[in-house]
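Hello,

Here is the structure for your files. My notes follow below.

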Amino acid sequence: MTSPELTVITDGLTKRFGDLVAVDHIDLRVEAGTVMSLLGPNGAGKTTMVRMLATLSAPTSGTAIVCGHDVVREADAVRSAISMTGQFAALEDNLTARENLLLMARLRGYGRGAASRLVESLIDRFDIGEFRDKLIKAVSGGQRRRVDLAASLVVQPQLLVLDEPTTGLDPRSRQVVWSTVRDLVDEGVTVLLTTQYLEEADALADDIVLIDHGRAVAAGTPSDLKARIGDQRVDVVAVDSRGLDGLVAALSGRFDLTIARERRRVSVPAPDELDDLASVAAAVRASGIPIDEIALRRPTLDDAFLALTGQPPATDTPADDSLVEVAS
Amino acid sequence: MTTITSPAAGAIQRVAEALPPRPGPFARYLRETALLVGRGLRAIPRVPERLSDVTIQPIMFTLLFLYVFGSAIHVHGTYQDYLLPGLLGQSVAFGAIGAGVATSTDFSSGVVDRFRSLPVVRMSVISAQVIGQIIEQILGIVIVAGIGLALGWRPHLGGFRWLELVALMLLGLVAFTWVGVLAGMLIRSSDAMQGIGFAVMLPLSFLAGTFVPIAGMKLVPRAIAEWDPLSALVAAVRQVCQGTPSSGSLQLDHPVPAMIAWCVLVLIVCVPLALRRFRTASV
């Protein structure tokens, strides 16, 4: 094999559902032992993309080679080499955490004894002990996700596919997911993960592909993309639209403003972070206009799309609430 | 916080077990099917409401018709002997609803996707669904038959008649379960599946001579009833259990061959469609 070794190679990978082109000619290269993140809003085509790579959905056209095997012609070989954790924790509600893991181990081909030893080690590794004998329907979302992750690591895969692994998770469970990904990469596993959170892609990925409307709209390392997206920002939220007009008038001479009228928000690039926050705050104070909020925040997915493609994401933008998480 | 995610723990996990060599596809199919059937059966006692569809409901029908409506319904012989074969037939047909609900739940929850992303023989996932459902329905049917016997039902099941009844009911269960599996894959929401299932099956079952003889029905319902597949099923079970003849249409004159023909037809149509749907199903 040529160097560097590639775990995922797609050429013109396309999936149509009737008139909708969910994935539109995506060429992806994922190097072995790295983390690739597909970043994009809801409905961008990320899930369809990983479902094709995990052999769950056949491509309309184009090819995908995963771990050296074609996803259509050698689907069984692909399935033996990968593990997939879907967007919704796919566990049997009416079995306990331990029974679920045992079932997965046995389905992977382990005998009774080996499966049960393996499950004990997974229970330790993912801190499942305290709810190991609870039915899955009775555990919390974060606990469920941990069992789900453990279930996909019954065997060490060559490629782990994670579809929005932390959407809706509490911070602690998110940390577990993140550190698991890092550990696995240390052990040589390749990880392909989808996310709506710029922060997550930045924290985990070696390479990011920005996806919108089924197309890859930008790609690069996190530092490449960050250099193109820009720095932190200072957001000022006015109490009403008159206040917003006042703020725009007061700040526009001195700062490079981006205005989000429907959110009553002006946004200022803050390469110098705290210093910029302080100078914007001083200008607002001097204007005497009352405000709702002023904050320093990291760029969001929206900012990234704006900076990299010149327009906001074309598909459903995630709700503002989820963006707040990115900013926190 | 704990040491859950320390690299050391991961390393220990990795060296723990080596996968045994993979057996041939057929051996894997049997093993995986057994594992997945086991998964379904283990869940049964933990979801009593799922069993209630196959137990409480037929028990209510039995009591309601035996003691409330029964006195107004005139049949040859005792009403018990008329009603119970009807209820057995209805239980077989309603198996489609249970199978549909279980299938749509599995598909919408992503559990099926997880199994499909494993290197398992795909037929085993769907076989386990069918076998598990049939076992669940048999549980319900045994309970109905037991209650019937306790309340005075006297089937005339000498010698091979038992075997004939069991074979006929199993064939019916297999056919109706496949209908349910296909419907469950097409109708993604289990609530909708439940609603549509009853909206279709309940009228068909009431028309099928399950509770009231078809001969006494008015013209239009009678015409439907004479060709209702469930009529053939109920009449066939009744003929085997009690020796009661039926008549009115070609299928009612020969209920057992008619029922077998319906089941074979259903299987010829539903099995390939369900398998195709299972292979290509995508969100």
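How many residues of strand β3 (residues 35–39) of chain A are buried? Five of the five, so the strand is largely enclosed by the rest of the structure. Buried means 20 or more other C-beta atoms within 10 Å of the residue's own, with C-beta atoms placed from the backbone (12 or fewer is exposed, in between is partly exposed). Helices (H or I, at least four residues) and strands (E, at least two) are DSSP runs, numbered from the N terminus.

A caution: this is a predicted model, with local features needing pLDDT of at least 70 and side-chain atom pairs counting only at pLDDT 80 or more, while totals for chains, interfaces and linings use all residues. Residues are numbered from 1 along each chain as its sequence is written, and chains are lettered from A and ligands numbered from 1 in the order in which they are written.

Back to β3(A). A:V35, A:S37 and A:L39 point one way. A:M36 and A:L38 point the other way. In a regular strand the side chains alternate between the two faces of the sheet.

Next, the pairing (at least two DSSP bridges between two strands). β3(A) runs parallel to β8(A) (residues 190–195), over five bridges. There A:S37 stands opposite A:L193. Four bridges join β3(A) to β9(A) (residues 207–212), also parallel. Here A:M36 faces A:D207.

Now the interface. Chain A brings 42 residues to the contact and chain B 34, counting C-beta atoms, placed from the backbone, within 7 Å. On the chain A side, α4(A) gives the most, with seven residues.

Best wishes

Methods. Contact = placed C-beta atoms within 7 Å.
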